[in-house]
Amino acid sequence: AGALQLRHLAGPSPTEFRESGTKVVRSATVRLTGPAGDLEAAPTEFQWEAVAGAVSYEVQLNEVDGSSLWRGTSTLTKLNATADIQSLMLPRKTLVWRVKALGVGGAVLGESGAERFRVIPSANR
């Protein structure tokens, strides 16, 4: 005769863990829709697809080396690029942007990958 003992180990699910005491859920990828690639002019907005349960989105604009240039939030699936933001988009300078979807209480529901773009006016192509 034998005995089989099964135990349920409590802990976070595969898509859930804690960072600095804050619950973080990694169940969704934020899909960016623009800007991307070479553009003739500085973009007027950043756009992405909605993530279920998100109450806001954090948008970050960086240099290619990871240095932060600008950060903002939106409750919509887009964020207008104001003149101040556009002034950071110098011709031929590659920039990287990404988005985090945030739930109630600031829990991260998902993140995008990094998307690159640069402004190359048609006169300089």
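1. **Ground rules.** Residues are numbered from 1 along each chain as its sequence is written, and side-chain values use heavy atoms, with hydrogens and water left out. As the model is predicted, local features need pLDDT of at least 70 and side-chain atom pairs count only at pLDDT 80 or more, while totals for chains, interfaces and linings use all residues.

2. **Aromatic rings.** The structure holds three aromatic pairs. Rings of Phe, Tyr and Trp (its six-membered ring) pair if their centres lie within 6.5 Å; planes under 30 degrees apart count as stacked, over 60 as edge-to-face and the rest as tilted. The ring centres of phenylalanine 46 and phenylalanine 117 are 6.3 Å apart with planes at 65°, so this pair is edge-to-face. It links distant parts of the chain, 71 residues apart: phenylalanine 46 is in strand β6 (residues 45–48) and phenylalanine 117 in strand β12 (residues 115–119). Strands (E, at least two residues) and helices (H or I, at least four) are DSSP runs, numbered from the N terminus. Ring pairs also join Phe46, Trp97 and Phe117 into a cluster.

3. **Buried or exposed?** Buried means under 20% relative accessible area, exposed over 50%, and partly exposed in between (1.4 Å probe, protein chains only). Phenylalanine 46 is buried at 0%, and phenylalanine 117 is buried at 2%.

4. **Serine 74.** You will find serine 74 in strand β8 (residues 68–74), buried with a relative accessible area of 9%. Its side chain reaches the backbone nitrogen of leucine 76 at 3.0 Å. Leaving aside residues up to four places away in sequence, serine 74 touches Trp48, Ser56, Tyr57 and Leu79, where contact means heavy atoms within 4.5 Å.

5. **Salt bridges.** A search of the whole structure finds five salt bridges, each a side-chain nitrogen of Lys or Arg within 4 Å of a carboxyl oxygen of Asp or Glu. In one of them, arginine 118 meets aspartate 38, with the closest N and O atoms 2.6 Å apart. This pair links strand β12 with strand β5 (residues 37–39), 80 residues apart. Arginine 118 is partly exposed at 29%, and aspartate 38 is partly exposed at 41%.

6. Arginine 71 forms a salt bridge with glutamate 58, the closest N and O atoms being 3.2 Å apart. Arginine 71 is in strand β8 and glutamate 58 in strand β7 (residues 56–63), 13 residues apart. Arginine 71 is partly exposed at 47%, whereas glutamate 58 is buried at 17%.

Technical notes. Polar contact = N/O pair within 3.5 Å; in protein donor to acceptor, adjacent residues only side chain to side chain.
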